[in-house]
Amino acid sequence: MRLPNLIGCGAGKSGTTSLYQYLNQPPDIFMAKAKEIHFFSRYYDKGDIWYAKNFGAVNDIKVVGEFSTSYMLDPNVPQRMAKLIPEAKLLFIFRNPIERAYSNYWFSVSIGTQDEDMLFSEAIRSAEGHEKYVAHGFYYLHIQKFLQFYNREKIHIIITEDLKAEPLQP
């Protein structure tokens, strides 16, 4: 059973899809076919074997990974991850929190989960909007949960604006 050794846990609306696609290009990296598996957050009860099926027979590949934005937000994820794949490296991508919140707001409007008649400035003042748009940008608080189970050396942070400026840099 092959499990990933690279897990993307970055903030939604921060360039996670682009980063996933970049990582999926080199022949020595295998990224799960589905970008958002959400195993450690939403489908943990399906078990390790179900999770491993997302990675197929990739025994000769050095880096095997997946990317699920829900991992950063679920408080159960760091411990679950550390129990199953303690040696994995974690990759976070963060965007300017205000721009990320605004982008998330418009995404929510586009898929119908946000009332388009409510302005962004009103939405972030509501309890639900604050949690959905503002609190997701408190990156330090989210990273702290992972640092309880993983050494800092296992965590790599990318800033969206840096990735845009230098997309080919490691």
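This is a predicted model: local features need pLDDT of at least 70, side-chain atom pairs count only at pLDDT 80 or more; totals for chains, interfaces and linings use all residues.
Local features need pLDDT of at least 70 and side-chain atom pairs count only at pLDDT 80 or more, while totals for chains, interfaces and linings use all residues. Residues are numbered from 1 along each chain as its sequence is written, and side-chain values use heavy atoms, with hydrogens and water left out.

Q: How many aromatic pairs does a search of the whole structure find?
A: Rings of Phe, Tyr and Trp (its six-membered ring) pair if their centres lie within 6.5 Å; planes under 30 degrees apart count as stacked, over 60 as edge-to-face and the rest as tilted. Searching the whole structure gives a total of 18.

Q: Is the pair of Phe-92 and Phe-146 stacked or edge-to-face?
A: Both residues are buried, meaning under 20% relative accessible area, with exposed over 50% and partly exposed in between (1.4 Å probe, protein chains only). The ring centres of Phe-92 and Phe-146 are 5.2 Å apart and the planes lie at 75°, so the pair is edge-to-face.

Q: How are the rings of Phe-94 and Tyr-139 arranged?
A: Phe-94 and Tyr-139 are both buried. Their ring centres are 4.1 Å apart with planes at 10°, so the pair is stacked.

Q: Over the face of which residue does Lys-13 lie?
A: A charge sits over a ring if NZ of Lys or CZ of Arg is within 6 Å of the ring centre and within 35 degrees of the ring normal. Lys-13 is at 4.0 Å from the ring centre of Phe-107.
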